[in-house]
2 protein chains.
Amino acid sequence: MSRPSTPPPSKRGRPVGFDRTEVLDRAMRVFWEKGFAATSMQDLIAAMGIASPSLYAAFGSKANLYRAAVEHYVALHEDLVLRAIAMPTARESVEALLRNAVTVFARTDFPSGCMVEQTASEAGDMAPDVMTRLHDMRAANHDNFSMRLRKGLEDGDVPEGADIEAVASFYATIHKGLSLSARGGTGTGELSSVVTSAMAAWPVLTRPREPRR
Amino acid sequence: MSRPSTPPPSKRGRPVGFDRTEVLDRAMRVFWEKGFAATSMQDLIAAMGIASPSLYAAFGSKANLYRAAVEHYVALHEDLVLRAIAMPTARESVEALLRNAVTVFARTDFPSGCMVEQTASEAGDMAPDVMTRLHDMRAANHDNFSMRLRKGLEDGDVPEGADIEAVASFYATIHKGLSLSARGGTGTGELSSVVTSAMAAWPVLTRPREPRR
DNA sequence: TGAATTATGTGTCGTTCGACACAGAAAGCC
DNA sequence: GGCTTTCTGTGTCGAACGACACATAATTCA
C-alpha cells in the first residue's frame, strides 16, 4: 500500500501558486482525450495554466504526471464504483458498474471511454514503475467484478458452482468493449443496449458448470 | 469505392528497389505494436530498411503510411474473415469470427490486439480523410456481424423478431473487449473463455423481442 | 528586519521530430 | 551511345520535443 504519496506541504518558503488537484484535473482531461504519446508538454502547460518548471517540480516528469492523472481519474469515480459494489446482489452490482460505465464513457462534456482501460494501448517509453502502476489499475478494474462476484457466492445470490472467474472475465471484457466503442463515437443508446444484452446473459453465465472443459 | 489506389508502376526510369508489400508489412508491425503517435519516422525507416525519401515517395506521409498499414492488416486477415462468414449458420459465423479474433489478438509472434479497433484511441492530428478511412474500417468490423446476422435471419437460422442490431452491437463490443484485453496481456485461455461465455448467451440474445423498450 | 527557504516565469538547452533538397545511380527510349 | 525519367542515399531543414538553469518573487523563521 505504499502509494507514491504527495510530498508533505512545506511550511517555509514561497507557497505553491496553484491548486494541485485543479491542475491535475486539467491534465487528466488532455491525457484522457489524446492519450499519453500524442500529448505534448505544450498541450499540458497550456491546459494547466502553469509553467513547465512548476510542473516538473510538482510531478517530476511527463510520465509521472500521466500516472498521477490516471490516479486522479480513478479517485474521481471511486464513489460511483463503491456505490455500485454496495448493491444488495452481485447481479445488481455488475449491472450498476456497467451502467455507470456507459454514463461516464459517453458523457459529451468529457473525453470518451475509460482512461484506465485505454492505458493498455499506451505501450510507451514510460518508466517501468509507471507501467506497473498502470497495469495494476487495470487489474483493479477486473477485480471489482471478480471480488463482487465472490461475495455474491458467499451471500448466496450467485448459484453455487458458478465459474466466478469466467463470469468476471466476461463482464470485464464487456467493460473494455464499452470503453473502446465509446472512443469510436458510439452513443449512449447503443452502449446501453449492449449492457442490457450482457445482463440478459447473467442467468446462463452464472449457472453451475462442471469444473473444466 | 474510389479507394486511394497505388499509382501505376512506371515503365521508364529506375525501378523501385524494394517490395512495397514487404516494407508495408514491417511498418504495420511497428504501428501495430506502438500505435501511431508513439511511432517515429526513425522507428519506421529502421524497421522498413529504406531511407525516408523513398518512404515519402511511396506513401506520402506518416499518417498515410499508417492508413496503408492498417489496410494491409485488413487484407492479411480478409481470408480468415471471409471463411468465418461463409459458415452455414449465423451462430457458427459469429463464433468463428470471435475465435479467429482470439487467435490473432494473442499471437505471441505478433503485436497484441486488433490493429483496426485500436485506431479508435488514436485521436491524432491526422488528415481528415485518413481519420474517415479509419472510422470506416472500424465500422466494417461492426458490419461483419450485423450483415451476417441479417443473412441468418433470411436463411431462417436466426429466429424471426430477433433484434439484429442489438445482437450485432453486443458481439462487436465483445470483439473490441477482446482486443483491449489482449493488449493488456490477457492470454489465449482467458480470452477463449470469454468467447465461450459470449456464445452461451446466443439463445437468449437472439430470442424475439417486442420492438422497442 | 534580515537570513533562509521555496516557488515562479523567462529563456534555452541538446535532441528528435516529420519532411524534403539535392546530386548521383539505374533503368527505358531513341 | 546519349537523353529522359525515376528512384536512391546523404544530408539537413525549421519546428517542436522533454527537461531544466537561472534569476527573481514570495513566504517563514529568528
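This is a predicted model: local features need pLDDT of at least 70, side-chain atom pairs count only at pLDDT 80 or more; totals for chains, interfaces and linings use all residues.
The surface around DNA strand C is made up of 24 residues, of which Gly17(A), Met41(B), Ser52(B), Tyr56(B) and Lys62(B) come nearest.

A phosphate oxygen of DNA strand C lies 2.9 Å from a polar side-chain atom of Lys62(B), and a backbone N or O atom of Thr39(B) is found 3.3 Å from a phosphate oxygen. Ser52(B), in turn, places a polar side-chain atom 2.4 Å from a base nitrogen of DNA strand C. Two or more residues of the surface come from each of α3 (52-59) of chain A, α2 (41-48) of chain B and α3 (52-59) of chain B. Of these elements, α3(B) gives the most, with three residues.

Lys62(B) deserves a paragraph of its own. This lysine belongs to helix α4 of chain B, which spans residues 62-85. Lys62(B) is buried but has no salt bridge, and the nearest side chain of opposite charge, that of Asp125(B), is 7.0 Å away. Within the protein, a polar atom of the Lys62(B) side chain lies 2.7 Å from the backbone oxygen of Thr39(B). Leaving aside residues up to four places away in sequence, Lys62(B) touches Phe31(B), Phe36(B), Ala37(B), Thr39(B), Met41(B), Leu44(B) and Tyr56(B).

Methods. Residues are numbered from 1 along each chain as its sequence is written. Chains are lettered from A and ligands numbered from 1 in the order in which they are written. Side-chain values use heavy atoms; hydrogens and water are left out. A residue is near a molecule or strand if one of its heavy atoms lies within 4 Å of it. A polar contact is a pair of N or O atoms within 3.5 Å; within protein, one must be able to donate a hydrogen and the other to accept it, and residues adjacent in sequence count only if both atoms are side-chain atoms. Helices (H or I, at least four residues) and strands (E, at least two) are DSSP runs, numbered from the N terminus. Buried means under 20% relative accessible area, exposed over 50%, partly exposed in between (1.4 Å probe, protein chains only). Lys and Arg count as positive and Asp and Glu as negative; His and the chain ends are not counted. A salt bridge is a side-chain nitrogen of Lys or Arg within 4 Å of a carboxyl oxygen of Asp or Glu. Contact means heavy atoms within 4.5 Å.
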